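Trainee: I have a structure to learn. Can we walk through it together?

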Amino acid sequence: GKADLTVIEKPVAESIVRSNSDLTYITLDEPFDVAEEDVIVSIGLRQGELDLKAEVNSVLNNISSEERDQMMVDAVLRSEGISTDSNTFFGKIIYIAKTYSVQFLSGIGYTLLLSLSGTLFGLILSFIIALLRMQNVNKKDSKPIKALKYLALGFGKLYVTVFRGTPMIVQAMIIYYGLAFGGININPLAAGLITVTLNTTAYLAEVLRGGIQSVDNGQVEACRSLGFNQIQTFFYVVLPQAVKKSFPSIGNEFIINIKDTSVLNIIQVTELFFFANLAGQTTYSYFEAMLLTGAIYLVLTLVTSKILQIIEKKMNMPVKSLTSSN
């Protein structure tokens, strides 16, 4: 419904018509001139891979036009799209679910892996950023100590500002493609995990900072009166309470990451949305493919929310005291 017609190769047109009975195609009796860049098909390689480029070109030069046409026909026959028996709305959804069940399961696995790992690693790093953001500069501090504290405060604030103020999709592009220009090549999954981790760190750092500052200062003074040093006080008294108070926000960030990992398809991470887009391209039924994918995301977030609620309830249960009987 967005265009009246499109000019494409005949085998592709035949495949689309097979999957959409309300469409048709026409062939032009006379050819027309077009710019070469509008019709050329290329194989993408990394910059500088000249040996591989020469090898690919060598193989292509040995394939005749007849062989290329037959390859295209064979590819179309292997990818018939939706059968004529599945042209109803629910029929298309069922067809996509059955045909791409393995791919969707794989995508769900990568989505959960990235979101869970990214949240956990981000939580660990957020402790560091939160502590940097909480440095107190005292008049009694020496100049070197003051300089270090100001540096820590500045770095923590800059980190949070940058990663909270820029979209995850831009961060992913910079990490994956930007580093490649500098000669650092990492696979898409690793780049995706780094992106989710760094983004999550910025958000959870502020959550933990608020949780730490919400702990009553009287408890800190009580710990010191009992002989606890600063490290013992922080890890045994302050941090557990801060994590408990921050747990709803941490869980919410995990749920957000389940949905936000969809942007990582831009760097070819094979998460759930990647395969949903693939199913839409192959079957020419984007609406049904995306509707099914939306339902899967909804189930994932609802199940995750329920699990997090159970964990939160367990954390809020009062601790039973142990008494000895004579």
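Trainee: What covers the buried residues of helix 13?

Mentor: First, the ground rules. This is a predicted model, where local features need pLDDT of at least 70, side-chain atom pairs count only at pLDDT 80 or more, and totals for chains, interfaces and linings use all residues. Residues are numbered from 1 along each chain as its sequence is written, and side-chain values use heavy atoms, with hydrogens and water left out. The cover over the buried residues of helix 13 includes helix 5, helix 6, helix 11 (230-260) and helix 12 (272-283).

Trainee: Which residues of helix 13 are buried?

Mentor: Buried means under 20% relative accessible area (1.4 Å probe, protein chains only). Helices are DSSP runs of H or I, at least four residues, numbered from the N terminus. In helix 13 the buried ones are E288, A289, L292, T293, I296, Y297, L300, T301, T304 and L308.

Trainee: Which residues in helix 13 meet helix 5?

Mentor: Contact means heavy atoms within 4.5 Å. Helix 5 brings F89, K92, I93, I96 and A97. On the helix 13 side they meet F287, E288, A289, L291 and L292.

Trainee: Is D141 buried or exposed?

Mentor: D141 sits in the loop between helix 6 (101-133) and helix 7 (143-165). Its relative accessibility is 18%, so D141 counts as buried.

Trainee: With which side chain does the side chain of D141 make a polar contact?

Mentor: A polar contact is a pair of N or O atoms within 3.5 Å; within protein, one must be able to donate a hydrogen and the other to accept it, and residues adjacent in sequence count only if both atoms are side-chain atoms. At 2.9 Å, the partner of D141 is K149.

Technical notes: Helix = DSSP H or I, 4+ residues; strand = E, 2+ residues; numbered from the N terminus. Buried < 20%, exposed > 50% of the residue type's maximum accessible area, 1.4 Å probe, protein only.
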